[in-house]
Amino acid sequence: MSILPIFTYNHPVLRQKATDITEIDETIVNLAGSMHETLLNALGIGLAANQVGHNEALIIIDLSLMEDEYSEFEHLVMLNPVIDSYSDDEEPYEEGCLSLPGYRDVVLRPTGIQASYTDLSGKHTTIEAGGLLARVIQHEVDHLNGIYFFERLTAIRRTLSRGKLLRISRGSVDTDYPIIKD
Ligand code: ZN
């Protein structure tokens, strides 16, 4: 296992749609381990495989840094995650992204979700999530579909974010974790 550099906006790998994992071999297990190490090192709470340059449909979530009712999910590895249903009610919450250093904005998302995924042992699992966990799963599944959180903003807020995004794409950012610039 090792700490992997995180790709930042506007690298093409972050626009790629992930490919489903069909076999859980050593490569996948090692990637999941390295992604978890990378996530903890960057003090993040969620990471998708394409953020470290891989095409597999794999996300890692770790809420142990957060005080949240779902912080029991201190280390969640989700292979081929799919969101099956969303709650009708939505709520705003400020999000950040390890691929968008220094940029945060308030995103409106459904409060609860039902998601299904395969765990590292190959077991198919369904999860009902609310709170921060529901939010992070949505953010990370968006990554697997090549979507950034700023694409969920209103048109006005998105326009206001242009300067920050331009600075990130130019590499004018400082991080405490290794990154790969465009
Ligand atoms: Zn992100």
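Analyst: One term to begin with: buried means under 20% relative accessible area, exposed over 50%, and partly exposed in between (1.4 Å probe, protein chains only). This is a predicted model: local features need pLDDT of at least 70, side-chain atom pairs count only at pLDDT 80 or more, and totals for chains, interfaces and linings use all residues. Residues are numbered from 1 along each chain as its sequence is written, and side-chain values use heavy atoms, with hydrogens and water left out.

User: How many salt bridges does a search of the whole structure find?
Analyst: The search finds 7. A salt bridge here is a side-chain nitrogen of Lys or Arg within 4 Å of a carboxyl oxygen of Asp or Glu.

User: Is arginine 109 buried or exposed?
Analyst: Arginine 109 is buried, at 3% relative accessible area.

User: Which residue forms a salt bridge with arginine 109 at 2.7 Å?
Analyst: Glutamate 95, taking the closest N and O atoms. Arginine 109 sits in strand 6 (residues 105-110) and glutamate 95 in strand 5 (residues 90-95), 14 residues apart. Strands (E, at least two residues) and helices (H or I, at least four) are DSSP runs, numbered from the N terminus. Glutamate 95 is buried too, at 4%.

User: And how far apart are the closest N and O atoms of aspartate 142 and arginine 109?
Analyst: They are 3.1 Å apart, in another salt bridge. Aspartate 142 lies in helix 2, 33 residues from arginine 109. Aspartate 142 is buried, at 7%.

User: Which residues are linked in a network of salt bridges?
Analyst: Glu95, Arg109, Arg135, Asp142 and Arg152.

User: New topic. What does glutamate 151 pair with?
Analyst: Arginine 15, in a salt bridge at 3.0 Å between the closest N and O atoms. Glutamate 151 is partly exposed at 27%, and arginine 15 is partly exposed at 37%.
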